Amino acid sequence: MQSRHRLAILVTLALTLVVQWSATLYWVVAEGNATRLRAEDVLRQMTIAMREQSERLMHDVDSSVKTAKFWMDTHPENDPRTDPEFGRLISLLRESSGGLIDIHVVSTDGLSYSVPAQRGVAPQNVADRDFFKAYRQSPSSKMMIGAPGRTPGTNQLAVPVVSALDRPLHGISMVYAAIEIKHLSGMYEDIRFKPNGTVALLRDDGVVLVRAPFVEQYVGKSIADGYDYLRHIKSGQSGMYMSGNSALDGLERLVSFIRLGNYPLTVIVSAGGEDTFRAWKETRRLTIITGLLISSLLLAGALGGFYVLGVVQQSEITLRRLALSDALTGWLNRHAFDDAAQREFTVAGRQSRQLTVMSLDIDHFKQVNDTFGHGAGDVVLRRLSRLWGKNLRLSDIRGRLGGEEFAVIMPDTGPDQAEAIARRLLEETRALVIEVDAAMIQVTLSIGLATLSPFDFTFDDLLRRSDDALYSAKRSGRDQVVVAASLT
């Protein structure tokens, strides 16, 4: 009967918890999806608005360039570089754009002139710019958007929008409107979703023309080889996706993009992933805490009837932990270490993540046992394992393989970072003085490192290379780190 009651309590508790957490999980997921849909809707509207603004800007730029070209066509006898009337026209166009658009003329030999001419400002050689090279290869009056560069006179970063004349006049072959990037990115900065959202204007070949927040090193950079560009932007007219790793700064973002209808440009508007889901994550946290409190009350009601079972279960857990750990050092024993190593090796291989193995061996440890006794040797092992543990990271998996031999699995760690940690272990070990029965014991350490390569088909292959590096450290005089050669 008592067993039947225990079973009834267990079944009731289990069903209650299943219903509670199923409802909680459903609500959390549904609310997360709703949060993303709301964010996507806002981003989509913002992207459409930015496309319309960008199309108006490009229309104004096109009009400014055509106006300049029309004046030159109707005044073929006047040199636009020096003509005061043309200079006044360009100044008027600049003022009408709020200083955003600046008109320049380019000679047939690739010299760019400010209009009106500024005293002391030499023409800028743009013969190496992409728009001039394209003109040289195939002269055309069709509008072209060049890669960002600096303008003569102001020396400001700008996006050149270029159109060639039907025929050179006074040595002038083309007109281009320079759109000041800092000015435009300032406008974008006012409307972007802060703190981690971005607004960007991208050329169809993947070159970043403008971006807010403004970072000069990103201007003119191509993201054409990036995963997000290739998967989403390159072939799509518009879309929405979650970027797990931005090609520019590596941040997670919810990204919306749309192409401009008449221009080879794409508008990108994004919101930081953390910013977008912060409120939902806080609600999720509070919901889970509330659920845990409710579950705790339910469990508290059942614990009285299952006290003995709880003790037994705790005993099993303790035994299991003891079965996995080395009794002397608290590090994983060889069997548990091998299991953990296999898991990390599999994950690293599937996800193309770095993985480094560190093999450690205490130098001349047999002399410690022979001189001071095995009890002293055990004290040395305990002290050293604690010392090393303080210098290793929580993510590092430590194991005692036997005797004075130890190994550490270091996920997401390259050879340079691992070597820095290993050298710190050498220094700490060398400086440690262990007092045992009035005797002062000092030891040194030899370490071998090996980082996962495509030719490590099993974890044993990787461990073997680490052990070989360790033996090389021993042969080279001990108390040092040797890094296994990379297999490529």
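## Terms and model

Strands (E, at least two residues) and helices (H or I, at least four) are DSSP runs numbered from the N terminus, and two strands pair if DSSP finds at least two bridges between them. This is a predicted model, in which local features need pLDDT of at least 70 and side-chain atom pairs count only at pLDDT 80 or more, while totals for chains, interfaces and linings use all residues. Residues are numbered from 1 along each chain as its sequence is written, and side-chain values use heavy atoms, with hydrogens and water left out.

## The five-stranded sheet

Five strands form an open sheet with antiparallel pairing, in the order β9-β8-β12-β11-β10. At its edges lie β9 (208-212) and β10 (238-243), each of which pairs on one side only.

Within the sheet, β11 (residues 253-259) and β12 (residues 265-272) are antiparallel partners joined over seven bridges, and Arg253 has Gly272, in β12, as its bridge partner. Helix α6 (residues 273-303) packs on the sheet and touches β10, β11 and β12, where contact means heavy atoms within 4.5 Å.

## The nonpolar cores

A nonpolar core is a set of buried Ala, Val, Leu, Ile, Met, Phe, Trp, Tyr and Cys residues joined through side-chain atoms within 4.5 Å; buried means under 20% relative accessible area, exposed over 50%, and partly exposed in between (1.4 Å probe, protein chains only). The largest such core has 49 residues, and Met72, Phe86, Ile103 and Ile179 have the most contacts inside it. Helix α1 (residues 2-74) gives the most to this core, with 10 residues.

Apart from this core lies another, of 31 residues, including Leu360 and Val481.

Methods
Axes fitted to C-alpha atoms, helices over the stretch in contact; angles between N-to-C directions.
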